[in-house]
Amino acid sequence: MQTKKLKYLLLFAVIAIAAAVAWYFAYWVKTPQYSLGLIGSAVQKHDFAAFEKHVDMETLYSSAYDDVVVASFGNERLSSPILAALVQNIKGVAVPILIDQTRQYVNGGAMEEADPSDADSPMLQNNGTDIVNNLKNKTGVNSMQYQGVEKIQKNGSVAVVTIKVFDSELDKHFLVELAMQQLADDTWQITKINNLKTLINERDQALQNKLAEINAPVQKQIDDAVAVSPQKIFITSAPYSGVIRLLEADIQLTNNAMRELQYFTGVLELYNADNELFYSGNFASSKDLAAKQTAVYKFNWELNPFLTDDAKVMNSDFSKVTWKASLSSLSFADGSTIELLTQLPVKAATK
């Protein structure tokens with residue numbers, strides 16, 4: 001009798017466990033996490049139809065394009081009807097390029113680049129390739145590795161899934177907020193990256209920090225070779241416009257090297273009373289400077305009063321402004337050069 005009861009208990013336990021597993025599986029397949037797994041599986045199996053089902057590429061890339069453009073130009077400049085029209089024009093080329101490159105990647109594991117010699121390539125129209133490359137570089141998509149789900153906020157048929165990614169180029173983790181929409185079969189589809197503009201800014205700052213770290217010894221070589229001494233800075237009228245003003249600066253250079261300096265580039269920076277950078281401008285000159293000689297170079301930058309950043313400069317009290325000038329590259333008569341990196345060096349592939 002006891003044995004019979006035990007068998008019934010075991011049978012009920014098995015049924016309960018099976019029911020729990022079935023319920024959990026039925027629940028699990030309806031979660032955003034499960035659909036993220038389907039996306040990863042689609043890439044591994046080169047199943048573009050499955051990938052396309054769970055990633056709304058048209059909506060995703062369209063919003064990503066808009067966010068990258070805003071991060072690159074700023075809302076103020078985009079208020080120009082001419083620039084806004086140009087941006088939208090190029091968008092019509094860039095988004096299909098991104099979708100096509102994604103299709104190539106999912107189907108074959110690689111993205112084909114446009115052949116510059118192919119004049120008929122749609123990727124070369126309206127600078128579409130440049131825009132797409134800029135979008136990929138800004139977001140770091142080529143160096144991002146998925147690390148898992150951090151948080152899920154679900155509200156009916158919409159959800160925001162926060163995932164952690166590792167940027168191998170910057171050796172840094174970032175959090176990405178994916179907007180997802182539930183489909184008719186209860187699986188989910190990615191439609192947007194909610195925090196892409198923030199992510200771009202964070203990545204830009206991390207990139208600048210990494211470059212500054214790598215460039216530190218090179219900057220010392222440049223500073224030792226050519227000393228920079230800011231002389232004076234002021235604002236004057238532009239002779240060709242009643243609206244545009246010119247920010248002018250006199251910068252003294254002393255060539256401490258034993259060879260003639262033939263070309264250099266640099267950056268001017270303005271800081272407010274709180275030591276916050278509020279303006280920067282590039283400068284360059286091909287005026288020769290002999291070894292062990294000193295000379296004053298004059299540079300100017302246009303200021304448009306209708307642009308907020310330029311207006312800040314025009315309205316500044318220069319008695320409270322700190323300004324700095326630093327050189328970023330040097331070219332000498334003997335053919336030697338010293339130059340700061342503007343991009344991170346490509347890491348060697350691990351065997």
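Predicted model: local features only at pLDDT ≥ 70, side-chain atom pairs only at ≥ 80, totals over all residues.
User: What is the order of the strands in the open sheet that includes S10?
Analyst: Residues are numbered from 1 along each chain as its sequence is written, and side-chain values use heavy atoms, leaving out hydrogens and water. Strands (E, at least two residues) and helices (H or I, at least four) are DSSP runs numbered from the N terminus, and two strands pair if DSSP finds at least two bridges between them. With antiparallel pairing, the order of the 4 strands is S8-S7-S10-S11.

User: Which are the edge strands of this sheet?
Analyst: An edge strand here pairs on one side only. That holds for strand S8 (277-285) and strand S11 (337-339).

User: What angle does the direction of helix H8 make with that of S10?
Analyst: Helix H8 (residues 196-225) packs on the sheet and touches S10 and S11; contact means heavy atoms within 4.5 Å. Axes are lines fitted to C-alpha atoms, for helices over the stretch in contact, and angles run from 0 to 180 degrees between N-to-C directions. The angle between H8 and S10 is about 90°.

User: Why is one side of strand S1 and of strand S4 left without a neighbour in the sheet?
Analyst: A second open sheet has 4 strands in the order S1-S2-S3-S4, with antiparallel pairing. Strand S1 (144-155) and strand S4 (188-193) lack a neighbour on one side because they stand at the edges, each with a single partner strand.

User: Which residue stands opposite Lys192 in S4?
Analyst: S4 pairs with strand S3 (residues 172-182) over 5 bridges, in the antiparallel sense. Opposite Lys192 stands Ala179.

User: Does Thr191 count as buried or exposed?
Analyst: Thr191 lies in strand S4. Beyond four places in sequence, Thr191 touches Asp56, Thr59, Leu60, Ser63, Ala179, Met180 and Gln181. Buried means under 20% relative accessible area, exposed over 50% and partly exposed in between (1.4 Å probe, protein chains only). Because its relative accessibility is 17%, Thr191 counts as buried.

User: How many contacts does the model have for residues 18-25 beyond four places in sequence?
Analyst: The mean pLDDT of the protein chain is 85, and 84% of its residues reach 70 or more. Residues 114-126 have pLDDT below 50, with 19 contacts beyond near neighbours in sequence. Over residues 18-25 pLDDT stays under 50, and the number of such contacts beyond four places is 0.

User: What percentage of the residues in the protein chain is buried?
Analyst: The chain has 9 helices and 11 strands. Of its 351 residues, the buried ones make up 36%.

Technical notes: pLDDT = per-residue confidence, 0-100.
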